Amino acid sequence: QVQLVESGGGLVQPGGSLRLSCAASGRIVSINAMGWYRQAPGKQRELVARTTSVGSTNYADSVKGRFTISRDNAKNAVYLQMTSLKPEDTAVYYCNADIVRPPLVVGTEYWGQGTQVTVSS
């Protein structure tokens, strides 16, 4: 079985920073895209940032210039560095990954359990 385990959420004041981490474990051949999504109360889940296996990235317009996604392929991990946080960034953040497991050659989408980020004074 494959698991995505997130960490790093919490309460931070406006203008502050947080770093989210997500590591995949289990029998993994390779990981294609990895990313972060978020869901605020009463809203749909939305893409925050995404990175491919070769390092290309894309971001939601609302976080460009403030958030940075990175990954460590050797550790099957993805990170989200969040700076200049705003109250509207408050949400549950979910890790997402397209993981290839043996004996398959195509990926399956997996989700983490979510980590709460609250931006408030």
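Student: Which side chain meets Arg66 in a salt bridge?
Tutor: Asp89 does, at 2.7 Å from N to O. A salt bridge here is a side-chain nitrogen of Lys or Arg within 4 Å of a carboxyl oxygen of Asp or Glu. Keep in mind that this is a predicted model: local features need pLDDT of at least 70, side-chain atom pairs count only at pLDDT 80 or more, and totals for chains, interfaces and linings use all residues. Residues are numbered from 1 along each chain as its sequence is written, and side-chain values use heavy atoms, with hydrogens and water left out.

Student: Where do Arg66 and Asp89 sit in the chain?
Tutor: Arg66 is in the loop between β6 (57–59) and β7 (67–72), and Asp89 is in the loop between β8 and β9, 23 residues apart. Strands are DSSP runs of E, at least two residues, numbered from the N terminus.

Student: Is Asp89 buried or exposed?
Tutor: Buried, at 1% relative accessibility. Buried means under 20% relative accessible area, exposed over 50%, partly exposed in between (1.4 Å probe, protein chains only). Arg66 counts as buried too, at 11%.

Student: What about Arg38, which salt bridge does it form with Asp89?
Tutor: Their side chains meet at 3.0 Å, N to O. Arg38 is in strand β4 (residues 30–39), 51 residues from Asp89.

Student: And how far apart are the closest N and O atoms of Glu46 and Arg38?
Tutor: 2.7 Å, in another salt bridge. Arg38 is buried at 6%, while Glu46 is partly exposed at 36%.

Student: How many salt bridges does the whole structure have?
Tutor: The search finds 4.

Technical notes. Helix = DSSP H or I, 4+ residues; strand = E, 2+ residues; numbered from the N terminus.
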